[in-house]
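Okay everyone, thanks for coming.

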Amino acid sequence: MAINSIKMIIPCQCLLGEGPYYSASLKCLFWVDILDKLLYRFDCQQQTVCRYPMEQAICWIMETTEQRLIAGFERGIYYLDNNTFQPSELYPLATLAVNNRLNDAKTDRNGHVFFGTMDKHEQHNTGALYRFGQQQTPTIVDSNYVISNGPAISKNGRILYSTESSTRTIYQFDLNEQGELSNKRVFVKFDETMGFPDGMTVDNDNHLWVASWNGHGLYRFCENGTIVHFYRLPAPRITSLTFFGDDLTTIAVTSARTGLEPEILKQYPYSGAVFILTGSVKGIAESPAQL
């Protein structure tokens with residue numbers, strides 16, 4: 001089995017836990033609570049959790065090749081001080097639609113950053129997929145998303161996966177070394193029993209892992225889109241995941257409690273927690289952003 005057990009539950013009770021990211025240089029696991037405007041840091045050596053309030057919604061965090069932290073906030077991209085986590089603006093996104101915010105992000109193997117935007121009311125297809133890095137500013141590379149999620153990169157770096165959560169659809173693109181996308185096609189479409197595809201990552205076997213909002217767990221797909229396994233977790237709204245640790249065989253899974261009725265929260269008290277899973281599958285180290 002690829003997952004052996006839940007090793008630990010971090011009961012952070014996030015309204016909208018998202019964006020787990022492992023910094024090998026800092027030996028820390030980060031994640032965000034978008035709606036509560038919080039950044040979390042789990043020190044893997046000390047086994048301690050700290051949280052840092054932000055003035056605006058923080059949607060993702062990652063490291064650059066210079067070992068600086070950058071983060072996607074609601075309407076722009078910022079540097080974060082590595083010690084205080086105070087933000088300083090890197091790229092404002094002045095042309096963002098008025099009701100849009102940033103959502104998920106991932107780097108390709110050459111350090112290009114891909115991030116999505118979404119309509120906060122989840123009604124209009126004003127969201128898009130952007131790319132920046134390699135001395136380029138943020139540019140739209142795909143559009144017409146209500147909720148852009150994922151993205152994820154294949155093991156060989158030649159395929160990008162991008163999710164349109166509102167239609168339960170995961171797309172594939174061909175991806176070249178310049179970060180250019182082509183040949184968009186449907187990879188997997190969730191049915192109603194599977195929930196909505198959310199955050200994603202690819203493991204060392206080139207299988208795609210997908211967190212399922214309202215689907216109670218993680219799906220693992222092989223390269224042709226066949227479900228290899230489903231791993232049920234004790235929360236309905238699973239949002240994202242990442243492999244972390246020295247050997248990249250531990251998995252951190254974020255979840256959400258926003259919008260859940262009191263009786264559901266009573267049934268699933270760990271909604272909003274981070275689940276730490278042990279397993280036999282190895283992940284792939286995230287490439288740092290090459291600005």
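Predicted model: local features only at pLDDT ≥ 70, side-chain atom pairs only at ≥ 80, totals over all residues.

I'll go through the pockets and then the aromatic rings.

Rolling a probe the size of a water molecule over the atoms shows where empty space is left. The largest pocket here comes out at about 460 Å³. It has 21 lining residues, and the ones closest to the centre are L16, R101, M118, E122 and W213. Two elements give two or more residues each to that lining, β10, which is 100-107, and β18, which is 196-202. And which element has the largest share of the lining? That's β18, with 3 residues. If you sort the lining of the largest pocket by class, you get 9 nonpolar, 5 polar and 7 charged residues.

Now the second largest pocket, at about 260 Å³. There are 19 residues lining this second pocket, and nearest its centre you'll find Y22, S23, A24, A285 and E286. Here the elements giving two or more residues are β2, at 17-23, and β22, at 238-244. β2 gives the most, 3 residues. The classes for the second largest pocket are 8 nonpolar, 7 polar and 4 charged.

Okay, on to the rings. How many aromatic pairs are there in the whole structure? The search finds 17. Let me show you two of them. Y91 and F132 are edge-to-face, with 5.4 Å centre to centre and 70 degrees between the planes. Y91 is in strand β9 and F132 is in strand β12, so this pair ties together parts that are 41 residues apart in sequence. Buried or exposed, then, for Y91? Y91 has 16% relative accessibility, so it counts as buried. F132 is buried as well, at 0%.

The other pair is F115 with Y130, and this one is stacked: 4.9 Å between centres and 5 degrees between the planes. F115 sits in strand β11 and Y130 in strand β12, 15 residues apart, so to speak of it simply, the pair links distant parts of the chain. F115 is buried at 0% relative accessibility, and Y130 is buried too, at 8%.

There's also a cluster, where ring pairs link Y161, F187, F190, Y219, F221 and F230.

R68 lies over the face of Y79, 3.7 Å from the ring centre. And R168 has its charged end over the ring of F196, at 3.8 Å from the centre. That's my tour, thanks.

Definitions and conventions
Residues numbered from 1 in each chain as written. Heavy atoms only, no water. 1 Å grid on protein atoms, 1.4 Å probe; cavity = no way out; pocket = protein on both sides within 12 Å on 5 of 7 lines; lining within 4 Å. Points joined across faces, edges and corners; volume = space filled by probe spheres on them. Helix = DSSP H or I, 4+ residues; strand = E, 2+ residues; numbered from the N terminus. Nonpolar A, V, L, I, M, F, W, Y, C, P; charged D, E, K, R; others polar. Phe/Tyr/Trp six-rings, centres within 6.5 Å; stacked < 30°, edge-to-face > 60°. Buried < 20%, exposed > 50% of the residue type's maximum accessible area, 1.4 Å probe, protein only. Lys NZ or Arg CZ within 6 Å of the ring centre and 35° of its normal.
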